[in-house]
Amino acid sequence: MEYLFLKKFIKIYFFSQLICLSYLQVMAQSSKETTQSSKPTTYLLPDGKVFPIIKWDSLEQAWGKGRIMFMHNEEDDKKGIIHLVRLTDEMKQKIDKQKKEKEDSFAAMLNKPAPDFELPDMQGKHWSLKALRGKIIVLNFWFTSCVPCIQEMPELNKLVQAYANKDIVFLALTFNSAEQVKAFLEKRTFSYTVLPDSGDTDKKYAINSWPTSMVIDKEGNIKLIIQSSPKIQEELGGTIDSLL
């Protein structure tokens with residue numbers, strides 16, 4: 001697939017630290033809101049061969065650290081396919097520019113009221129920031145085929161356990177459907193309360209890179225925004241402790 005051709009149909013999203021870039025179609029509000037497949041994800045190399053994701057480290061060594069991208073569109077999502085693409089210098093320059101713009105956008109959100117939302121969880125219970133006012137809220141924006149999202153889940157689960165006796169709410173928002181999330185949770189554990197179909201809320205929070213975590217104080221203001229980090233538990237915990 002030629003990059004110049006792909007530019008007509010896709011938009012670049014940036015994952016910090018463990019880079020996981022998605023090229024998503026910018027059509028009909030975006031493929032992430034129309035994805036309905038619950039099939040296992042198949043990762044394909046540029047030559048079309050299936051790549052076992054457990055060999056991620058070896059691919060990173062071959063292509064270079066921070067050079068792995070995920071590329072998929074609506075049709076790929078329906079089939080459960082993700083293409084692995086090597087990040088070129090030209091692409092990286094554009095992504096670095098987008099990263100700076102994203103950092104500036106997040107900086108502007110700090111210490112400002114978090115946009116309200118109301119979403120059902122997997123059991124049908126509705127959650128809203130307005131109803132949770134007075135509690136510390138930790139948000140995690142993720143999706144089921146995001147490798148960095150999955151890699152940080154054990155640390156996020158430890159965070160939930162560490163604050164089990166505190167009045168803190170942990171919410172995981174994903175644009176995936178409830179069907180997809182159900183299939184995912186049959187294989188993996190995520191201790192946050194999962195809220196599927198969060199596409200509109202993602203837009204309210206200007207989310208176009210995953211994973212992204214936020215901590216909201218008891219007054220409803222955003223106090224921390226962090227993307228993928230090897231110290232995610234420590235950094236989120238530090239901010240939570242300062243608000244208790």
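Select K100 and D104: their side chains meet in a salt bridge, 3.0 Å from N to O. A salt bridge here is a side-chain nitrogen of Lys or Arg within 4 Å of a carboxyl oxygen of Asp or Glu. This is a predicted model, in which local features need pLDDT of at least 70, side-chain atom pairs count only at pLDDT 80 or more, and totals for chains, interfaces and linings use all residues. Residues are numbered from 1 along each chain as its sequence is written, and side-chain values use heavy atoms, with hydrogens and water left out.

**Stop 1: helix α5**

Stay on the opening pair. K100 and D104 are four residues apart in helix α5, so about one helical turn separates them. Helices (H or I, at least four residues) and strands (E, at least two) are DSSP runs, numbered from the N terminus. K100 is partly exposed at 46% relative accessibility, and D104 is partly exposed at 42%. Buried means under 20% relative accessible area, exposed over 50%, and partly exposed in between (1.4 Å probe, protein chains only).

Now select K92 and D96. They form another salt bridge, with the closest N and O atoms 3.2 Å apart. Both lie in α5, which covers residues 89-109, and they are four residues apart, about one turn of the helix. D96 is partly exposed, with a relative accessible area of 35%. K92 is also partly exposed, at 30%.

**Stop 2: a bridge between loops**

The structure holds six salt bridges. Which residue does K135 pair with? Select D167: the closest N and O atoms of the two are 2.9 Å apart. K135 sits in the loop between β7 (126-128) and β8 (136-142), and D167 in the loop between α6 and β9 (168-174), so the pair ties together parts that are 32 residues apart in sequence. K135 is partly exposed at 26%. D167 is partly exposed at 46%.

**Stop 3: helix α6**

Select residues 147-162. This is α6, with 16 residues. From its first C-alpha to its last it reaches 24 Å, close to the 22 Å expected at 1.5 Å a residue. The expected span is 1.5 Å times one less than the number of residues.

Where does α6 kink? Center on M153: a kink of about 40° lies there, shortly before the proline P154. The bend at a residue is the angle between axes fitted to the seven residues ending there and the seven starting there. M153 is one of the buried residues of α6. Others to pick out include V147, C149, L156 and V160.

**Stop 4: aromatic pairs**

The structure holds eleven aromatic pairs. Start with F117 and Y205, an edge-to-face pair at 6.3 Å centre to centre, with 70° between the planes. Rings of Phe, Tyr and Trp (its six-membered ring) pair if their centres lie within 6.5 Å; planes under 30 degrees apart count as stacked, over 60 as edge-to-face and the rest as tilted. F117 lies in the loop between α5 and β6 (118-120), and Y205 in the loop between α8 (199-204) and β11 (212-216), so the pair ties together parts that are 88 residues apart in sequence. Are F117 and Y205 buried or exposed? Both are buried.

Next, select F143 and W210. Their ring centres are 5.7 Å apart and their planes stand at 85°, so the pair is edge-to-face. F143 is in the loop between β8 and α6, and W210 in the loop between α8 and β11, so the pair ties together parts that are 67 residues apart in sequence. F143 and W210 are both buried.

Then select W142, F170, F184, F190 and Y192 together. They form one aromatic cluster.

**Stop 5: backbone details**

Go back to W210 and step to P211. The peptide bond between them is cis, with omega near -5°. P211 is in the loop between α8 and β11.

A206 is found in that loop between α8 and β11 too. Its phi is near 55°, a positive value in a residue other than glycine. A206 is partly exposed, at 28% relative accessibility.

Move to D197, in the loop between β10 (193-195) and α8. D197 has a positive phi of about 55°, although it is not a glycine. It is partly exposed, with a relative accessible area of 47%.

**Last stop: the whole chain**

Zoom out. The chain has nine helices and twelve strands. Buried residues make up 51% of its 244 residues.

Color by pLDDT, the predictor's confidence in each residue, from 0 to 100. The chain averages 83, and 84% of the residues score at least 70. Over residues 1-38 the pLDDT is below 50.

Conventions:
Contact = heavy atoms within 4.5 Å.
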